[in-house]
Amino acid sequence: MALRVDLKPNERIIVGGVSIRNGDRRAALTFETQAKFLREKDIIVESEARTTCEKLYVLLEAIYLTDNPAELENEFVAQANVLMTAAPSMTLYLADIFDKFSRGEYYASLKCGQELIKYERQLLDLIPSESALRTNTSPKSN
């Protein structure tokens, strides 16, 4: 069964390890055979990954796009173990990702990775900003 992907103007897509950018108009691609691809909205570039979970997601992208992911999977497990030790509340997300890619469901593991990033953002939003800390820690007068 063919898969149709509609691209927005100037949208990027990675197909089989090749980065392709659409022109100035909308375009439609039809995949008639199995192909590994990532749309721009699902891509985090390594140089833009700032948080631990975003860096893990970049690793998941590499696992998804490579033909022999065993070494990368081992690296993911090692980094995930460190993260679970530091933030045990992420264990369920990480276990779900691991379960998916150990069954060969690499694209599904990417989607779980996106959920992990959302959760990480929720946790980071709970941490007061540096400026809020400065105003809240000033001595109060009686």
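1. From the N terminus on, the elements of the protein run β-β-β-β-β-α-α-α-α-α. The count is 5 helices and 5 strands, taken as DSSP runs (H or I, at least four residues, for helices; E, at least two, for strands) and numbered from the N terminus. This is a predicted model, in which local features need pLDDT of at least 70, side-chain atom pairs count only at pLDDT 80 or more, and totals for chains, interfaces and linings use all residues. Residues are numbered from 1 along each chain as its sequence is written, and side-chain values use heavy atoms, with hydrogens and water left out.

2. The radius of gyration, taken over C-alpha atoms, is 19 Å for the protein, whereas a compact globule of 142 residues would have a value near 14 Å (the rule is 2.2 Å times the number of residues to the power 0.38). Along its principal axes, the C-alpha trace spans about 75 × 40 × 25 Å.

3. Of the 142 residues, 33% are buried, that is, under 20% relative accessible area with a 1.4 Å probe, protein chains only.

4. Helix H4 covers residues 106-126; at 1.5 Å a residue its 21 residues should span 30 Å, and the end C-alpha atoms are 31 Å apart, which agrees. The expected span is 1.5 Å times one less than the number of residues.

5. The buried residues of H4 include Leu 110, Cys 112, Leu 116, Ile 117 and Glu 120. The buried residues of this helix pack against strand S5 (37-39), helix H1 (52-65) and helix H3 (91-102), where contact means heavy atoms within 4.5 Å.

Methods
Buried < 20%, exposed > 50% of the residue type's maximum accessible area, 1.4 Å probe, protein only.
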